[in-house]
Amino acid sequence: AQTREYGPIVYYFTEEVGGLSSPHIQVHYIAKSMEGMETIDNVHAWLKETFVNPQAHGELIMEDEFVQTQDGREVELIGIRRNEFAQNDSITMGLKLMAWGYIDHGDRFVALNFTATDTSDYNQGFPQFTDLIRSYRQE
């Protein structure tokens, strides 16, 4: 849902569009005025708290890696793998590989997120994700 604090801008699908279960890149914004989202370090801490814990079955797969944008900004990447697990007797959560990069844009962050549900799709799509970050330039 789009609000003044958060909202999607665009989705890029790396292959045929099969919905959000297909490998895709989301571009959205997050207002720094949201509680706990004032800095990129805060956002990264929230991601780890949300996805890297026993209940979420997540593990950190990338941290302290940087990509430079076209206008010279260093964007720190964070990657998380959520392993498959049975949530209850009727719901199984599948494998999910996710990577994020946040670009400071005044009172907001431009957030880029790459998601895949298969390791080979993740490995194939990740260069497209970093290329998109590299192409960023604030007008």
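Modeller: Start with a charged pair. In this predicted model, the side chains of Asp131 and Arg134 meet at 3.3 Å, N to O, in a salt bridge.

Colleague: Why is the contact of Asp131 and Arg134 called a salt bridge?

Modeller: The cut-off is 4 Å, from a side-chain nitrogen of Lys or Arg to a carboxyl oxygen of Asp or Glu. Asp131 and Arg134 have 3.3 Å, N to O. That lies within 4 Å, so the pair counts as a salt bridge.

Colleague: Where do Asp131 and Arg134 lie?

Modeller: Both are in helix 2, residues 119-134. They are three residues apart, about one turn of the helix.

Colleague: What makes Asp131 partly exposed?

Modeller: Its relative accessible area is 46%. Buried means under 20% and exposed means over 50%. The 46% of Asp131 falls in between, so the residue is partly exposed. Arg134 has 41%, so Arg134 is partly exposed by the same rule.

Colleague: How many salt bridges does the structure hold?

Modeller: Five. Another of them joins the side chains of Lys48 and Glu63, at 2.3 Å, N to O. This pair links distant parts of the chain. Lys48 is in helix 1 (residues 40-51), Glu63 is in strand 3 (residues 58-68), and they are 15 residues apart.

Colleague: Which label does Lys48 get for its accessibility, and why?

Modeller: Lys48 has 28% relative accessibility, between the limits of 20% and 50%, so Lys48 counts as partly exposed. Glu63 has 31%, so Glu63 counts as partly exposed too.

Colleague: How do you know that strand 3 and strand 4 pair?

Modeller: Pairing needs at least two bridges. Strand 3 and strand 4 (residues 74-82) have eight, so they pair. The sense is antiparallel. As one example, Val67 has Val75 in strand 4 as its bridge partner.

Colleague: What lies between strand 3 and strand 4?

Modeller: Five residues, and the two strands form a hairpin. Gly72 in the turn has a positive phi of about 90°.

Colleague: Which side chains meet in a salt bridge at 3.1 Å?

Modeller: Those of Asp71 and Arg73. Asp71 has a relative accessible area of 30% and is partly exposed. Arg73 is partly exposed as well, with 24%.

Colleague: Which residues form one aromatic cluster?

Modeller: Phe114, Tyr122, Phe126 and Phe129. A search of the whole structure finds five aromatic pairs.

Notes:
Residues numbered from 1 in each chain as written. Predicted model: local features only at pLDDT ≥ 70, side-chain atom pairs only at ≥ 80, totals over all residues. Heavy atoms only, no water. Helix = DSSP H or I, 4+ residues; strand = E, 2+ residues; numbered from the N terminus. Buried < 20%, exposed > 50% of the residue type's maximum accessible area, 1.4 Å probe, protein only. Phe/Tyr/Trp six-rings, centres within 6.5 Å; stacked < 30°, edge-to-face > 60°.
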